[in-house]
Amino acid sequence: MNRRTHAALAAAIAATLTLGLGACGPTDKSGSGGSADGTKAPGAASGTIVGGTPVKGGTLTVLSNQDFAHLDPARNWNLPNMNVGTRLLYRTLVTFKAEPGAAGSEIVPDLATDVGRQSDGGKTWTFTLKDGVKYEDGTPIKSADVKYNVERSFSPDLTGGPDYAAQYLAGGENYKGPLTGEHLASIETPDDRTIVFRLKRPVAEFSYTATLPTFAPVPQSQEKGTQYDLRPFSSGPYKIETYDRGKQLVLVRNTNWDPATDQVRKAYPDRIVVTQGLKGGQIDDRLIASEGADASAVEAFWMRPESVAKVLPKPDVKSRLVAEMTGCTEMLFMNNSKAPFDDPKVREAMMYAVDKDAQVTAFGGPALTDSATSFLPPAMTGGTRQDPLKVATTGDPAKAKELLKAAGKSDVKAALTVSTGDKTRAEALQQSLSKAGITVTISTVDPSAYADSLGDIKNAPDLSMSGWCPDYPSGATFIPFVFDGRTIKEKGNQGNYSQFRDQATMDRIDQINAMTDVKEAGDAWVKLDKDLMAKSPAVPTLWQRRPLLVGTNIAGAFGHPVWAGFFDFATLGLKDPSKSQG
C-alpha cells in the first residue's frame with residue numbers, strides 16, 4: 001500500500017497488521033516511545049483516544065491540502081483515501097476493528113458473516129453475505145457485485161488499485177476486466193449471498209486480503225468507467241452529496257445503511273465536509289487556534305514539521321495531538337532501469353551518501369520520526385531494528401565517493417521528483433548528496449497527482465521519495481510489491497518505483513510464498529530484506545509517526561494501526577454537535 005504506503009495493513013501495521021502499521025513499530029531516538037523530552041505523546045503507541053466518546057450529530061470537518069487520488073474502490077490503494085473509502089462510503093467482505101493499539105489489527109466480518117472459510121488446502125475461499133445489507137438506494141447488495149468490482153481491478157483503464165486479485169486468482173494472467181463483457185471463472189457466485197474465490201496457490205492470509213477496497217461491491221448497473229471515481233455508489237454509512245474535485249467533498253448519511261449489520265462503523269456525525277486545497281501550515285495554525293468551525297475539525301494528512309515548535313510546548317494543544325507510529329517505511333527510490341542507477345555500485349554508493357539524520361530533522365525531529373536502516377520496519381521483524389549494512393545514519397560521503405570512483409562515475413547528476421509537501425526533505429537530500437559529489441535537481445508535483453506521475457514508467461524520474469505500508473502482517477504484503485519486477489506496469493505502476501528486476505529476488509519471492517509455515521516464511525522475508533539491502537534498489541530513509549491535530553470539539557480520535565496512523569473515520573465525531581458549523 002502506498003500506502004499505502006500501506007501491513008498487516010497493520011502488522012507493522014499490525015504488529016500489528018500494517019505499512020499498515022502498529023503499536024509495535026519503531027521508537028523514536030529518545031527510546032521513550034514518545035516525544036524527544038521523554039514524555040509519552042498522546043496516542044503514541046499508547047491506545048489513547050482523544051476527546052472521549054462522541055455524541056451523535058453535527059458536522060465533522062476534515063482539512064486537507066489535496067484532493068483524493070481515487071475513491072473508486074477498484075483504484076483506491078493510497079492512504080488516507082482507503083480509510084475514507086472503506087470506513088465511510090463502502091464496505092468490504094472483511095474489515096479491521098475500530099480500536100487503537102494492537103486490537104485494531106484484528107479482523108472482523110463486514111459484509112460477510114465471517115472472515116471466510118478456506119478449503120482445498122487454502123486454494124479456495126468462500127464468503128457468505130449478511131442478510132439486510134443494502135446500497136444507498138435501498139437495493140440489496142449481491143455477491144455478483146463483489147465479483148464485479150474484483151474483476152474491475154484487472155481493467156487496464158482502472159489503474160492504481162491493489163494487485164492482490166491479479167496475483168492470487170486462478171486464470172487471471174491475461175484477463176482485462178469486465179468492461180468488455182468478459183468475466184473471471186475463478187470467482188463463482190452460486191447465489192446472491194455466496195461468493196467463492198479459487199486461487200492459483202494456497203493463501204493462508206486471504207481473509208486479510210478481503211479487507212481491501214477491491215473487495216467492496218460495485219453493481220454493474222452503476223459502472224461509469226474512470227468517472228466512477230467521482231461518485232462511488234454507497235454501501236457504507238455515508239453517501240456523496242457533492243464533490244468538487246480539489247475543493248470540497250460533502251458526505252451525508254446513507255439512510256439505507258443498517259447499523260445492526262455493521263459492528264465497526266459508528267457514524268457519529270450527520271455530515272462530513274472535506275475541505276481541500278489548503279496549505280499544510282495553514283491547516284495546523286487553524287487547528288491550533290481551534291476557532292469556530294475549526295473546533296470541530298481534524299487534519300487529513302500530517303502536521304507540518306515546522307509546526308512542532310508551536311504544539312509541543314503548549315500542554316493544551318499537545319493534548320490534541322495524535323502521533324502513532326505508521327509502521328511504514330519511507331524510501332528514496334532510484335530508477336534502476338537507466339543510468340546512472342542501473343549500475344549496482346552507484347546504488348551502493350547512494351546507501352552511504354544519504355544523510356538520514358538530516359531527513360529526520362527535515363521531517364520534524366526524533367519526536368516524530370526515526371531513521372530507517374532496513375526496508376521492513378521493526379513491527380515486521382519481531383520488533384527488532386534490523387541494520388544489515390551498518391551505515392552511519394549521518395551517511396559516509398567519503399565511502400560514497402570511493403564507490404563512485406570504483407564505478408567510474410565521479411560526476412553523477414540526477415533529477416529528483418517529490419510531492420510538494422516533501423520539498424524540505426528533498427532539499428536536505430540534495431545537500432547531503434552534494435557532499436558525495438552527486439548533483440541533484442528538484443521538481444515538485446501536486447500531491448494528488450504524485451502517485452500517478454511516478455506510475456508512468458517511461459517518464460519516471462531518476463529519483464523519487466515515497467513509502468510502503470504493508471496491507472497486513474506479512475512480508476508478502478511488502479517485499480513483492482516493492483521489489484518484484486513482475487509487478488511493474490507501464491502505466492499505474494505502484495510500489496516498485498525503482499523498476500528493480502532481479503531474477504534471484506523473484507525466484508526467492510516465489511519460494512517464500514510457497515511456504516506453509518508462517519514462522520519459516522516470516523524469517524525468510526527478513527533474510528530476503530537483508531539481501532535486498534546489499535543489492536540497493538532503493539534507500540530506506542525514515543520510519544515515521546503520523547502527527548495529526550484535532551480541534552477542541554473533536555472526540556473519538558486515535559491513530560489506527562491499520563491506517564498507517566491516520567484517524568479512524570469509523571469512530572470520529574464531536575463532543576458537542578450543537579457547536580459544529582456547516
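A cavity, as the word is used here, is a set of grid points where a 1.4 Å probe fits but cannot get out, and its lining residues are those with an atom within 4 Å of a point. With that in mind, open this predicted model and select Phe 68, Pro 80, Val 274, Ala 300 and Phe 301, which lie nearest the centre of the largest cavity among the 13 residues that line it. The space inside comes to about 90 Å³, and the lining is made up of eight nonpolar, four polar and one charged residues.

Stay on Pro 80, which sits in the loop between strand E1 (59–63) and helix H2 (81–89), and show the peptide bond that joins Leu 79 to Pro 80, which is cis with omega near 5°. Then move to Pro 340, in the loop between strand E13 (329–334) and helix H9 (344–353), where the bond from Ala 339 is likewise cis, with omega near 5°.

Next, select helix H10 (residues 356–363), in which Lys 356, Gln 359, Val 360, Ala 362 and Phe 363 are buried. Looking down the axis of H10, you will find these buried residues within an arc of 165°, so they line one face of the helix. Their cover includes strand E14 (369–371), helix H12 (423–434), strand E17 (463–468) and strand E18 (538–549). At the start of H10, a side-chain oxygen of Asp 355 comes within 3.1 Å of the backbone nitrogen of Asp 357, while just after the helix Gly 364 has a positive phi of about 125°.

Finish with Ser 536, in the loop between helix H16 (518–535) and E18, which takes a positive phi of about 55° although it is not a glycine.

Conventions: Residues are numbered from 1 along each chain as its sequence is written. This is a predicted model: local features need pLDDT of at least 70, side-chain atom pairs count only at pLDDT 80 or more; totals for chains, interfaces and linings use all residues. Side-chain values use heavy atoms; hydrogens and water are left out. Buried means under 20% relative accessible area, exposed over 50%, partly exposed in between (1.4 Å probe, protein chains only). Helices (H or I, at least four residues) and strands (E, at least two) are DSSP runs, numbered from the N terminus. The arc is that of the directions from the helix axis to the C-beta atoms. Contact means heavy atoms within 4.5 Å. A polar contact is a pair of N or O atoms within 3.5 Å; within protein, one must be able to donate a hydrogen and the other to accept it, and residues adjacent in sequence count only if both atoms are side-chain atoms. On a 1 Å grid over the protein atoms alone, a cavity is a set of points where a 1.4 Å probe fits but cannot get out, and a pocket is an open set with protein on both sides within 12 Å along at least five of seven lines; lining residues have an atom within 4 Å of a point. Grid points are joined across faces, edges and corners, and a volume is the space filled by probe spheres set on the points. Ala, Val, Leu, Ile, Met, Phe, Trp, Tyr, Cys and Pro count as nonpolar, Asp, Glu, Lys and Arg as charged, and the others, Gly among them, as polar.
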